[in-house]
Amino acid sequence: MNIQGYRRGDGQVGIRNHVVLLATVHCAAEITQKIAGLLNAVPITHFLGCMQPPADLEETRRILLGTANHPNVGAVLVVGLGCEQLPAREMAAEVTGRPVEYLEIQACGGTSGAVQRGLDLGRRLAQAASQAKRDTFPASALTLAVKCGGSDAGSGLASNPALGAASDRLVAAGGAVIQGEITLGVDHLWGQRAADEAVREQIYAHLDRQWEAARRAGVSVGETNPTPGNIAGGLTTLIEKAIGGMKKGGTGPVQGFLPRAGRPSGPGLWLMETTGPTDVFGITEQVAGGAQLVAFTSGRGNPVGAAVAPVIKITSTAETFCGMRDNFDFDASAILRGEESIPDCGERLFREMLAVADGKLTANEVLGHREFAIARRGEG
Amino acid sequence: MAEPPHPEASPEGSGAPPGRRLALLLDERDNVATALVDLARGTRVPVGGLEVELRADIPFAHKFALRPIAAGEAVVKYGETIGLATAAIQPGDHVHRHNLDHRVESIIFRMREATGASGPQGAMAKPAGGEE
């Protein structure tokens with residue numbers, strides 16, 4: 001079971017060969033967008049990079065560098081202002097295994113000078129990246145990010161279990177899976193699946209912060225979740241609802257609990273602390289953790305993608321699939337019609353993942369949905 | 001893809017399109033199944049090797065019992081306990097808030113402790129608003 005990919009200088013295997021323009025700070029965002037538009041490169045812009053408290057800044061830095069050093073990235077131009085907390089030169093020095101350049105707007109004489117310099121550097125980077133050759137690698141080179149959002153009744157019954165079956169197939173082939181959205185209600189099931197005591201402690205510590213936040217807010221989690229809409233839709237208990245969400249990562253042992261944008265250090269299933277509930281924050285963090293592709297089950301339908309990774313959009317509801325046809329890649333509705341079993345659907349989804357790894361474009365790629373967002377936490 | 005009709009396809013008179021499967025069994029350990037269409041009381045539903053006659057209308061995505069479940073016994077879906085029955089449940093009964101206790105924090109905490117990790121921290125010893 002093989003895929004076609006690009007070997008990077010640092011040993012990683014990419015399934016795309018993007019040229020990325022990375023803004024280090026919000027002040028550089030517009031110029032980054034202008035240069036990227038002219039070069040047909042991928043702009044990475046955000047509202048951060050300066051005036052951040054240390055822990056917050058470190059997380060922003062980890063997400064930005066995780067994106068620049070992502071296996072799907074063939075070359076990087078770092079675009080900075082010149083006086084920000086994350087200097088462009090320092091950020092560029094930490095990009096490894098692929099061609100990288102940087103510019104600072106204040107040293108380029110403003111917008112027109114920076115755009116001209118950016119085009120000059122960017123053209124050379126694009127040509128350097130274009131010389132990377134695809135080669136054959138085992139499917140074990142893949143890391144998959146799994147995500148769900150806008151859940152409906154079919155999410156927990158069909159699309160998440162089918163995605164879980166595909167996740168198990170990838171793990172069995174030696175690949176890795178990054179699962180976020182680790183929420184309350186199935187603490188014990190995660191605990192049972194932790195690979196060792198240290199991982200279990202990390203998972204419980206993460207969940208305890210959520211229990212504590214609910215307690216401080218005076219909220220009984222079991223009384224407010226499932227929501228009235230969930231209850232009308234047939235969900236009775238918090239455990240039942242949470243299992244429907246946890247299913248998407250499969251059934252394997254949990255190898256570790258990662259911080260946002262943390263990288264798995266081996267194969268298997270990894271959990272990640274992700275920012276919710278807005279979907280793009282979590283996808284950005286999981287992709288920055290090195291996932292070359294994303295599988296996103298959406299009940300209600302959602303057009304969002306990711307900056308440097310294809311997003312396979314899955315739904316289990318024929319109405320949603322047909323209603324937003326150009327945004328979906330995979331229809332799992334045959335499970336709810338009783339025409340396909342969950343394992344069979346999972347196998348079909350796994351084959352689709354391999355096809356996407358081999359270069360088949362996903363809907364978000366075709367339509368230019370390259371969302372990227374980092375959450376601001378502390379005030380600086 | 002011409003496939004033979006599913007062995008659990010809709011029987012005649014069920015109101016569902018012919019050949020359509022009526023219910024989903026997510027794990028063979030489960031004592032409930034999930035309706036794949038709105039099902040009327042009295043429908044005989046083939047699922048999990050059984051045939052269950054529904055004792056209530058079961059809306060799409062709602063659960064019904066496959067076997068007798070005693071009050072206090074675990075309701076099992078996805079192969080896991082999702083809560084405890086608050087009343088005796090007969091095969092074919094609708095299983096929802098009226099006979100399945102949604103206050104599950106104590107189950108979660110008890111099963112957490114059973115995984116052998118450090119005991120519950122202050123945060124979880126007393127979930128706010130719960131009756132545990």
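Author: Let's start with Glu340(A), which is buried at a relative accessible area of 14%; buried here means under 20% relative accessible area, exposed means over 50%, and partly exposed is in between (1.4 Å probe, protein chains only). Before going on, a word on ground rules: residues are numbered from 1 along each chain as its sequence is written, while chains are lettered from A and ligands numbered from 1 in the order in which they are written. This is a predicted model, where local features need pLDDT of at least 70, side-chain atom pairs count only at pLDDT 80 or more, and totals for chains, interfaces and linings use all residues; side-chain values use heavy atoms, leaving out hydrogens and water.

Back to Glu340(A): its salt-bridge partner is Arg348(A), with the closest N and O atoms 2.9 Å apart. A salt bridge here is a side-chain nitrogen of Lys or Arg within 4 Å of a carboxyl oxygen of Asp or Glu. Arg348(A) has 35% relative accessibility, so it counts as partly exposed. Glu339(A) pairs up too, meeting Arg337(A) at 3.1 Å, N to O. In that pair Glu339(A) is partly exposed, with 47% relative accessible area, and Arg337(A) is partly exposed as well, at 29%.

Over in chain B, Asp27(B) and Arg29(B) join their side chains in a salt bridge of 2.9 Å, N to O. Asp27(B) is buried at 18% relative accessible area, whereas Arg29(B), at 55%, counts as exposed. Some bridges also share partners: Glu59(A), Arg260(A), Glu273(A), Glu285(A) and Arg377(A) are linked that way into one network. Over all chains, the structure holds 32 salt bridges.

Now for the place where the chains meet. Four salt bridges cross the interface of chain B and chain A. Glu240(A) makes a salt bridge with Lys63(B), and its closest N and O atoms are 2.8 Å apart.

On chain B's side, β7 (80–84), α1 (105–114) and α2 (122–125) each supply at least two of the residues touching chain A. Helices (H or I, at least four residues) and strands (E, at least two) are DSSP runs, numbered from the N terminus. The largest share, six residues, comes from α1(B). Sorted by class, that side of chain B has 18 nonpolar, twelve polar and twelve charged residues. Ala, Val, Leu, Ile, Met, Phe, Trp, Tyr, Cys and Pro count as nonpolar, Asp, Glu, Lys and Arg as charged, and the others, Gly among them, as polar.

As for totals, 42 residues from chain B and 44 from chain A take part in the contact, meaning heavy atoms within 4.5 Å. About 3,600 Å² is buried between the chains, with carbon and sulfur atoms giving 60%; buried area is the accessible area (1.4 Å probe) that two parts lose on being put together, summed over both. Tyr78(B), Ile108(B) and Arg112(B) lose the most area on the chain B side, together 18% of what that side buries.
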